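Thank you all for coming; I would like to take a few minutes to walk through one structure, going from the whole chain down to single residues. Please have the viewer open while I talk.

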Amino acid sequence: MPQHPVELTRTLEEVLNLTGIFVFGISGALLAVRKNFDIIGMTVLAEITALGGGVIRDLIIGAHPPAAFTDIGYLLVPLLATAVTFFAHPRIERIRIAVLVFDAAGLGLFCVSGTVVALAHGLGPVQAVVLGVTTGIGGGILRDTLAGEIPFVLRADSELYAVPAILGSAIVVLTAQLHVYGPAAPVLSAVLVFALRVASLRFGWRAPQPRP
Amino acid sequence: MPQHPVELTRTLEEVLNLTGIFVFGISGALLAVRKNFDIIGMTVLAEITALGGGVIRDLIIGAHPPAAFTDIGYLLVPLLATAVTFFAHPRIERIRIAVLVFDAAGLGLFCVSGTVVALAHGLGPVQAVVLGVTTGIGGGILRDTLAGEIPFVLRADSELYAVPAILGSAIVVLTAQLHVYGPAAPVLSAVLVFALRVASLRFGWRAPQPRP
Amino acid sequence: MPQHPVELTRTLEEVLNLTGIFVFGISGALLAVRKNFDIIGMTVLAEITALGGGVIRDLIIGAHPPAAFTDIGYLLVPLLATAVTFFAHPRIERIRIAVLVFDAAGLGLFCVSGTVVALAHGLGPVQAVVLGVTTGIGGGILRDTLAGEIPFVLRADSELYAVPAILGSAIVVLTAQLHVYGPAAPVLSAVLVFALRVASLRFGWRAPQPRP
């Protein structure tokens with residue numbers, strides 16, 4: 001009988017994961033449209049944005065092949081995101097806030113899942129935070145670099161993006177260290193990352209810059 | 001007696017592989033000349049262009065060390081391409097069409113060999129196509145990104161490059177799925193990729209772009 | 001009793017390693033300041049510059065997780081470099097020559113340690129040189145690419161950087177091939193790389209460029 005809740009969690013986790021992949025794929029395909037790329041450029045950028053962070057994570061922990069190459073859904077969902085963006089990009093641009101909100105959800109899911117995988121592979125606490133954040137921001141860094149832009153997470157004019165991810169990953173690690181890790185920890189952490197990111201966008205919170 | 005044909009195939013495969021590495025190395029060294037890099041810049045760009053796609057493939061399937069670090073020829077051939085380009089680059093520029101044709105051959109060989117390796121490592125059909133295409137286009141993406149250019153495979157003004165690779169990889173996978181895979185499958189697929197790429201250059205075929 | 005010298009060497013090696021990581025971290029954080037990034041951009045660039053070359057090396061030889069994710073010092077030292085740069089960057093800019101000198105030391109240490117690791121993993125002589133040089137220059141290539149610059153090691157207006165690394169790695173490999181490898185080999189090689197790099201800066205030595 002205890003399998004049902006676990007299965008529910010599994011299904012939920014999978015749905016959230018694919019949602020994160022979808023919205024990251026949308027952000028890659030949208031940037032490709034803005035850069036006047038063709039449908040191949042859209043597809044490549046959607047796949048790399050959606051799966052790049054997870055592939056880097058899996059290469060570092062030595063999971064061969066990376067999850068992106070095991071479950072076929074991981075590769076197909078960015079294709080779906082590309083197709084949707086190809087036909088509906090003017091409308092998506094208009095709901096840009098929605099995209100940012102979904103992207104915040106993807107960030108929360110990815111950094112938390114990356115942290116959990118890191119802990120499961122025996123990485124130390126600081127290492128797990130770094131790997132979790134890398135999973136969350138890696139795809140976006142690859143997306144911007146390939147499109148010829150400075151990765152937005154590095155720029156001073158971007159609202160807080162890595163900071164929420166760092167906090168969310170740190171909470172997952174802390175609950176594990178204090179032996180109070182349960183299903184609530186990743187969920188609450190992902191929600192916190194999401195809320196902090198959305199609040200940063202809403203209130204224009206930015207990370208400090210050194211004095212010039 | 002059945003060893004002879006196999007050995008012939010092996011040797012042929014090796015020759016084709018090294019040819020692909022050589023022409024990809026030329027394309028890297030040539031771009032370095034155009035960007036006014038020095039001989040170190042030429043060498044680094046030649047090596048990364050020629051071997052980058054295969055290294056990414058091997059990291060993903062978990063082949064340690066990557067093939068580029070096992071057979072010494074893989075590292076030396078891009079050096080040869082650099083030396084040739086260093087002294088003969090004005091003449092190579094004049095036979096630019098020849099370089100494009102050789103590059104098309106390299107693309108065919110690399111995407112087919114990447115697909116075959118992926119299938120041999122138990123990847124699924126879609127995953128094998130993605131890994132094959134990655135092997136074919138990965139080196140060029142790294143080359144352009146390091147040289148400060150938008151990867152040409154992403155751009156709308158580039159003739160079909162990834163599309164032939166996708167078709168070629170798909171045919172290899174299809175023949176394997178239908179249990180009709182034999183020596184003819186990779187050869188014909190590579191030839192098809194080559195022919196489609198050359199035809200795209202000749203007739204200016206391009207991938208569709210979303211409406212602005 | 002023979003443990004003492006070994007332990008001393010170990011400690012010394014660790015100190016030198018962390019020094020190399022620190023100065024590479026400084027160079028990443030400084031570039032971030034020049035590009036007007038915020039503290040997150042500084043941190044990401046410091047970590048990737050300091051650890052990127054070693055992570056690439058470990059992915060290629062199949063060391064999972066990479067050393068950067070095992071010893072916590074590796075991740076913390078770039079944070080320290082970021083903090084120092086955040087508050088003292090105008091003063092660091094003024095001692096720019098000191099940074100270049102330390103960076104030369106980091107280059108020597110990294111390329112030698114990369115070569116030694118490559119030999120220990122059974123790579124061939126040419127492969128070990130390539131992996132050693134990659135370890136030395138990889139972090140800087142990632143730093144410049146992410147910051148939207150052409151990697152300075154590729155550019156013709158940069159003083160010799162990869163050439164000293166190639167020579168240093170080659171000497172390590174040669175002593176191993178001639179069975180005269182001892183503690184002196186890596187130390188002298190690293191010193192040679194350092195001296196050649198500093199001399200290149202002092203006397204403006206550059207690598208040849210192809211005729212235009």
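In which loop of chain C is the place of Pro65(C)? Before I answer, let me say that what you see is a predicted model, so please take every value that follows as computed from that model. The answer is that Pro65(C) sits in the loop between α2 (39-61) and α3 (72-94) of chain C, and what draws attention to Pro65(C) is the cis peptide bond that joins His64(C) to Pro65(C), with omega about -10°. In chain A, the peptide bond from His64(A) to Pro65(A) is likewise cis, with omega near -10°, and Pro65(A) lies in the loop between α2 (39-61) and α3 (72-94) of that chain.

Let me step back to the overall fold, using chain A. Chain A has seven helices and zero strands, so it is written along the sequence as α-α-α-α-α-α-α, and, with a radius of gyration of 17 Å, close to the 17 Å that the globule rule gives for 212 residues, it is as compact as a globular protein of that length. The C-alpha trace of chain A spans about 50 × 50 × 30 Å along its principal axes, and 53% of the 212 residues in chain A are buried. If we take the contacts in chain A between residues at least 6 apart in sequence, 74% of them join residues at least 24 apart. As for the surface, the accessible area of chain A comes to about 9500 Å², with 70% of it belonging to carbon and sulfur atoms, while the mean positions of its 13 positive and 13 negative charges lie 10 Å apart.

Now to the arrangement of the copies. Chain C is superposed on chain A by a rotation of 120° with 0.0 Å of shift along its axis, at an RMSD of 0.0 Å, and these two copies are thus related as by a three-fold rotation axis. The copies use different surfaces, in that 11% of the contact residues of chain C recur in chain A.

Thr145(C), in helix α5 (residues 125-146) of chain C, counts as buried at 13% relative accessibility, and, leaving aside neighbours within four places in sequence, Thr145(C) is in contact with Thr145(A), Thr145(B), Leu146(B) and Pro151(C). Leu146(B), in helix α5 (residues 125-146) of chain B, counts as buried at 11% relative accessibility, and, again not counting residues up to four places away in sequence, the residues that Leu146(B) touches include Leu45(B) and Ile48(B) as well as Ile141(C), Thr145(C) and Leu154(C). Leu146(B) and Val44(B) are 102 residues apart in sequence, yet 9.8 Å apart in space from C-alpha to C-alpha.

His179(A), in the loop between α6 (162-177) and α7 (184-203) of chain A, has a positive phi of about 60° although it is not a glycine, and His179(A) is exposed, with a relative accessible area of 73%. Asn36(B), in the loop between α1 (3-34) and α2 (39-61) of chain B, also is not a glycine and has a positive phi of about 65°; Asn36(B) is exposed, at a relative accessible area of 53%.

Key:
Residues are numbered from 1 along each chain as its sequence is written. Chains are lettered from A and ligands numbered from 1 in the order in which they are written. This is a predicted model: local features need pLDDT of at least 70, side-chain atom pairs count only at pLDDT 80 or more; totals for chains, interfaces and linings use all residues. Side-chain values use heavy atoms; hydrogens and water are left out. Helices (H or I, at least four residues) and strands (E, at least two) are DSSP runs, numbered from the N terminus. The radius of gyration is taken over C-alpha atoms; the globule rule is 2.2 Å times the number of residues to the power 0.38. Buried means under 20% relative accessible area, exposed over 50%, partly exposed in between (1.4 Å probe, protein chains only). Contact means heavy atoms within 4.5 Å. Accessible areas come from the Shrake-Rupley method with a 1.4 Å probe; for residues, only the protein chains shown count as cover. Lys and Arg count as positive and Asp and Glu as negative; His and the chain ends are not counted. The place of a charge is taken as NZ of Lys, CZ of Arg, CG of Asp or CD of Glu. Copies are superposed by least squares on the C-alpha atoms of residues with pLDDT of at least 70 in both.
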